[in-house]
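Subject: Structure handover

Hello,

Here is the structure I promised to pass on. Please open it first, then read my notes below.

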Amino acid sequence: MPNSFVHVHLVALRYFAETVRTRSMRAAAEHMNVAPSAVNRQILKLEDQLQCKLFHRNADGVRLTAAGEVLYHYTLRLEHDLERTIATIDDLRGLRRG
């Protein structure tokens with residue numbers, strides 16, 4: 001396995017993406033019904049794994065860094081691909097029933 005491989009969990013990416021959408025870790029946590037510390041912990045873990053900052057943090061919330069932008073675009077593609085895959089599997093299940 002190459003040294004650049006990073007083990008990233010889908011949950012961490014989900015928390016990251018929701019933080020981007022809401023521009024706030026606290027708002028993301030409220031939307032997902034989890035503690036703000038859980039969102040912060042997952043994002044810190046991502047930053048540690050990737051060895052870069054994903055957000056500029058300030059009193060008004062968060063703003064993506066260049067690395068955060070790259071990860072967010074990847075996350076959007078991943079979400080889209082996963083939704084499409086699940087829909088295809090649902091279609092297959094329907095064919096087997098029909």
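Two rings of Phe, Tyr or Trp count as an aromatic pair if their centres lie within 6.5 Å. Please keep in mind that this is a predicted model.

**Aromatic pairs**

A search of the whole structure turns up two aromatic pairs. One joins F16 and F55.

The cut-off for buried is under 20%.

F16 also pairs with Y72. Here the centres are 6.4 Å apart and the planes 65° apart. That angle is over 60 degrees, so the pair is edge-to-face. Y72 belongs to helix α4, residues 66-97, while F16 lies in helix α1, so this pair ties together parts that are 56 residues apart in sequence. Y72 is buried too, because its relative accessible area of 14% is under 20%. Taken together, F16, F55 and Y72 form one aromatic cluster.

**Helix α3**

Next, helix α3. It covers residues 36-50, which makes 15 residues. From its first C-alpha to its last it reaches 21 Å. That is close to the 21 Å expected at 1.5 Å a residue. Which of its residues are buried? They are A38, V39, Q42, I43, L46 and E47. Just after α3 comes Q51, with a positive phi of about 60°.

**Salt bridges**

Side chains of opposite charge can pair when their charged atoms come close. How many salt bridges does the structure hold? There are six. I describe some of them here.

- E18 and R21 meet through their side chains, at 3.5 Å from N to O. They are three residues apart in helix α1, which means a separation of about one helical turn. E18 counts as buried, at 11% relative accessibility. R21 is partly exposed, with a relative accessible area of 39%.
- D81 bridges to R84, with the closest N and O atoms 3.0 Å apart. Both are in helix α4, three residues apart, so about one helical turn separates them. D81 is partly exposed at 34% relative accessibility. R84 is partly exposed as well, at 48%.
- R93 and D90 form a salt bridge at 2.6 Å, N to O. They lie in helix α4, three residues apart, or about one turn of the helix. R93 has a relative accessible area of 41% and is partly exposed. D90 counts as partly exposed at 33%.

Some salt bridges share partners. Those that do join E18, R21 and E79 into one network.

**Where to look**

Then follow α3 along residues 36-50 to Q51, just after the helix. Finish in helix α4, with D81 and R84 and then R93 and D90.

Best wishes

Methods: Residues numbered from 1 in each chain as written. Predicted model: local features only at pLDDT ≥ 70, side-chain atom pairs only at ≥ 80, totals over all residues. Heavy atoms only, no water. Phe/Tyr/Trp six-rings, centres within 6.5 Å; stacked < 30°, edge-to-face > 60°. Helix = DSSP H or I, 4+ residues; strand = E, 2+ residues; numbered from the N terminus. Buried < 20%, exposed > 50% of the residue type's maximum accessible area, 1.4 Å probe, protein only. Expected span 1.5 Å × (residues − 1). Salt bridge = Lys/Arg side-chain N within 4 Å of Asp/Glu carboxyl O.
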